[in-house]
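Please brief me on this predicted model. Keep it short and group the points by topic.

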Amino acid sequence: MEEKKMHATTLEDIDTVLVEHPEKLVVIDFTSKNCPPCKKVAPLYEELSESEEFMEKVVFLKVDVDENPDAVEKYGVTGWPTFLFLKKGEVQTEIVGGKLAEATLYDWVNLLMPKD
């Protein structure tokens, strides 16, 4: 089984994933080590990234906002956790905030992932 959860430490890492997986939904989790809501939603994101349901159609990226400020700037992230959903390099939607992510993350991934 191919691993579909990655850490993007540079903007180039994100660009590479987008180029290498144009047919997949790419979900980027902008997080911080010092963010309690980020820590609270992390187990759900981890569970989704390991789910066989999404394994073939979704790539999950984790971006530490302190380590990758260029990505934060490029995507206009102003709060965290922020989850961006990209198809063919274009942002489809975003979720900002831990409570909203906990309530809707699965539904957004399921809705936006490529269908057979």
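The lining of the largest pocket divides into five charged, four polar and four nonpolar residues. Here Asp, Glu, Lys and Arg count as charged; Ala, Val, Leu, Ile, Met, Phe, Trp, Tyr, Cys and Pro count as nonpolar; the others, Gly among them, count as polar. The model is predicted: local features need pLDDT of at least 70, side-chain atom pairs count only at pLDDT 80 or more, and totals for chains, interfaces and linings use all residues. Residues are numbered from 1 along each chain as its sequence is written, and side-chain values use heavy atoms, with hydrogens and water left out.

**Largest pocket**

- The volume of the largest pocket is about 180 Å³. A pocket is an open set of points on a 1 Å grid over the protein atoms alone, where a 1.4 Å probe fits, with protein on both sides within 12 Å along at least five of seven lines. Points are joined across faces, edges and corners, and the volume is the space filled by probe spheres set on them.
- The lining has 13 residues, and His7, Thr31, Lys33, Lys62 and Asp64 lie nearest the pocket centre. A lining residue has an atom within 4 Å of a point.
- Elements α2 and β3 each give two or more residues to this lining. Helices (H or I, at least four residues) and strands (E, at least two) are DSSP runs, numbered from the N terminus.

**Lysine 62**

- Lysine 62 lies in strand β3, residues 58–64.
- Lysine 62 counts as buried because its relative accessibility is 17%. Buried means under 20% relative accessible area, exposed over 50%, and partly exposed in between (1.4 Å probe, protein chains only).
- Leaving out residues up to four places away in sequence, lysine 62 touches Met6, His7, Ala8, Asp29, Thr31 and Tyr45. Contact means heavy atoms within 4.5 Å.

**Aromatic pairs**

- The structure holds five aromatic pairs. Rings of Phe, Tyr and Trp (its six-membered ring) pair if their centres lie within 6.5 Å; planes under 30 degrees apart are stacked, over 60 edge-to-face, and the rest tilted.
- Tyrosine 45 and phenylalanine 83 form a tilted pair, 5.5 Å centre to centre with 40° between the planes. Tyrosine 45 sits in helix α2 (residues 36–50) and phenylalanine 83 in strand β4 (residues 82–87), 38 residues apart. Both are buried.
- The rings of phenylalanine 85 and tryptophan 108 have planes at 45° and centres 6.5 Å apart, so this pair is tilted. Phenylalanine 85 is in strand β4 and tryptophan 108 in helix α4 (residues 98–112), 23 residues apart.
- Phenylalanine 85 is buried at 0% relative accessible area, whereas tryptophan 108 is partly exposed at 29%.
- Ring pairs also link Tyr45, Phe60 and Phe83 into a cluster.

**Backbone exceptions**

- Most residues other than glycine have a negative phi, and most peptide bonds are trans.
- Tryptophan 80 and proline 81 are joined by a cis peptide bond, with omega about 5°. Proline 81 is in the loop between α3 (69–74) and β4.
- Lysine 88 is not a glycine, yet has a positive phi of about 50°. Lysine 88 lies in the loop between β4 and β5 (90–96) and counts as exposed at 71% relative accessibility.
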